[in-house]
Amino acid sequence: MFEGAAVVRLEDGSGRCAGRVEVKHQGQWGTVCGYSWDMTDAAVVCKQLGCGSALKAPKYGHFGPGSGPIWMDDVRCRGTESALSDCTHNGWGQHNCNHRKDAGVTCSGFRLVNGSTACEGRVEIHVLGTWGSLCASHWDLLDAHVLCRHLDCGFAESIPRGGPFGRGTGPVWRDSFHCDGTEAHLGQCPVTALGASPCSHENNAAVICSAGSASLRLVGGGSRCDGRVEIFQHGTWGRVLDDQWDMQEASVVCRQLRCGEAETAYNPPKPQRGTGPVGLRGVRCAGHEANLTLCNTSLPESMLAAGIAEDVGVVCWGSRQVRLVNGPGRCAGRVEIYYQGSWGTICDDSWDLPDATVVCHQLGCGGAVKAVGSARFGEGSGQIWLDAVNCSGAEAALWDCPAGSWGQHDCGHKEDAGVDCSGFV
């Protein structure tokens with residue numbers, strides 16, 4: 001913050017990184033009017049306070065009415081300013097506002113430090129007024145994907161170990177996030193709070209985000225690795241339309257997004273089609289390209305005119321997920337798998353402790369206490385995805401175990417399998 005910048009603070013929130021925005025001018029604290037207040041303005045406040053990035057920019061007295069002068073109205077930041085007072089506004093004390101419309105901010109309390117770009121570095125969390133590092137022992141790619149997306153840095157390319165971004169100086173927090181990868185920010189993920197406890201600074205959580213290379217995203221699916229394809233060009237997200245979308249193009253999309261192999265290429269049904277601008281119309285890939293823009297995207301109009309170009313979607317191998325539902329917590333319940341874009345259950349035929357062990361390990365829920373059947377946690381609905389599962393217990397994921405073909409079974413939902421894990425370790 002350069003000299004002359006007005007000091008800011010956040011009042012009546014959950015900590016120093018959330019609350020009603022107050023500015024000190026001529027020795028007196030006052031508020032900011034919520035007219036035209038937006039996320040760009042909030043981002044400048046969070047940056048000025050060292051509170052990470054902005055999560056919310058509530059207008060109109062969300063944190064209660066302030067008192068004293070209303071110093072700023074019609075604030076319009078570009079986002080590059082070092083301090084809120086550097087942004088354009090109507091002039092100090094010039095407003096047509098009241099304290100019921102006082103602006104507020106909620107900052108994320110997350111940041112990346114010591115990287116060569118804003119989109120890589122050691123993960124730091126703001127807790128109780130202090131920035132500290134995050135222990136890497138439970139940090140995974142799904143958590144990192146959520147942080148990268150929130151920081152507008154694309155998706156997580158890697159989570160390097162061994163402290164490549166230096167040592168932190170504050171506390172090392174062992175909080176463990178349980179993101180499924182679809183959340184807008186880490187604050188939406190379930191968390192196990194373990195506090196500050198022994199964890200070496202060489203074991204700090206870190207991430208390298210894709211940043212500018214994240215020119216694709218999948219929307220409307222149940223994970224970041226399935227859904228309708230959109231491409232980022234010229235500062236905006238646009239739809240991808242094609243008349244002959246197949247597995248070659250889908251393979252390129254899945255590879256570019258680090259989502260594994262392609263399982264399905266499809267045209268979304270009418271309710272799931274996009275309505276925004278078109279970013280790419282017509283694409284032909286050989287299937288080996290590293291990026292969709294390296295495929296042939298300069299197709300003649302005559303070729304496209306022969307078919308109807310529609311929205312396109314993909315399901316990648318990386319979209320597969322497992323969860324436990326209808327139990328007393330996230331580590332016990334009916335086993336459900338997300339496959340081919342929908343959640344389904346598992347039949348209890350031959351379901352035993354090694355099978356349950358793989359599920360518990362996959363979810364970071366310790367060991368298996370019980371493998372239960374007969375819909376002990378209630379009957380599910382939709383597909384029964386797997387039957388006759390026969391894990392050794394050492395597999396990394398449930399779908400790595402021997403089992404019948406996907407969707408092939410002789411079961412009803414009254415035979416849905418469940419798991420009781422030992423809990424978080």
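Which residue forms a salt bridge with D12, and how far apart are the closest N and O atoms? The partner is R20, with the closest N and O atoms 2.9 Å apart. Here is some background before the close-up views. This is a predicted model, in which local features need pLDDT of at least 70 and side-chain atom pairs count only at pLDDT 80 or more, while totals for chains, interfaces and linings use all residues. Residues are numbered from 1 along each chain as its sequence is written, and side-chain values use heavy atoms, with hydrogens and water left out.

**View 1. D12 and R20 meet in a salt bridge.** A salt bridge here is a side-chain nitrogen of Lys or Arg within 4 Å of a carboxyl oxygen of Asp or Glu. D12 has 54% relative accessibility and so counts as exposed, whereas R20 is buried at 6% relative accessible area. These words follow one scale: buried is under 20% relative accessible area, exposed is over 50%, and partly exposed is in between (1.4 Å probe, protein chains only). Both residues belong to a network of salt bridges that links R9, E11, D12, R20 and E22. Across the whole structure, the search finds 17 salt bridges.

**View 2. R111 forms a salt bridge with E124 and also sits over the ring of W131.** The closest N and O atoms of R111 and E124 are 2.8 Å apart. The pair links distant parts of the chain, with R111 in strand 7 (residues 110–114) and E124 in strand 8 (residues 120–127), 13 residues apart. Helices (H or I, at least four residues) and strands (E, at least two) are DSSP runs, numbered from the N terminus. R111 is partly exposed at 27% relative accessibility, and E124 is buried at 6% relative accessible area. The charged end of R111 lies 4.0 Å from the centre of the W131 ring. To count as sitting over a ring, NZ of Lys or CZ of Arg must be within 6 Å of the ring centre and within 35 degrees of the ring normal. R376 has its charged end over a ring too, that of F377, 5.2 Å from the centre.

**View 3. R217 and E230 join two strands through a salt bridge.** Their side chains meet at 2.7 Å, N to O. R217 lies in strand 15 (residues 216–220) and E230 in strand 16 (residues 226–233), 13 residues apart. At 33% relative accessibility R217 is partly exposed, while E230 has a relative accessible area of 9% and is buried.

**View 4. C17 and C51 form a disulfide between two loops.** A disulfide is a pair of cysteine sulfur atoms within 2.5 Å, and by this rule the count comes to 13. The sulfur atoms of C17 and C51 are 2.0 Å apart, and the link is left-handed, with -70 degrees about the S-S bond. C17 lies in the loop between strand 1 (8–15) and strand 2 (18–25), and C51 in the loop between helix 1 (39–49) and strand 4 (54–56), so the pair ties together parts that are 34 residues apart in sequence. Both C17 and C51 are buried.

**View 5. A disulfide connects C148 in a helix to C209 in a strand.** The sulfur atoms of C148 and C209 are 2.0 Å apart, and the torsion of -80 degrees about the S-S bond makes this link left-handed. C148 and C209 are both buried.

**View 6. C77 and C87 are joined by a disulfide.** The S to S distance between C77 and C87 is 2.1 Å. The torsion about their S-S bond is about 105 degrees, so this disulfide is right-handed. C77 and C87 are both buried.

**View 7. The rings of Y35 and Y60 make an edge-to-face pair.** Rings of Phe, Tyr and Trp (its six-membered ring) pair if their centres lie within 6.5 Å; planes under 30 degrees apart count as stacked, over 60 as edge-to-face and the rest as tilted. By this rule there are 8 aromatic pairs. The ring centres of Y35 and Y60 are 6.2 Å apart and their planes stand at 70 degrees. Y35 is partly exposed at 27% relative accessibility, and Y60 is partly exposed at 43% relative accessible area.
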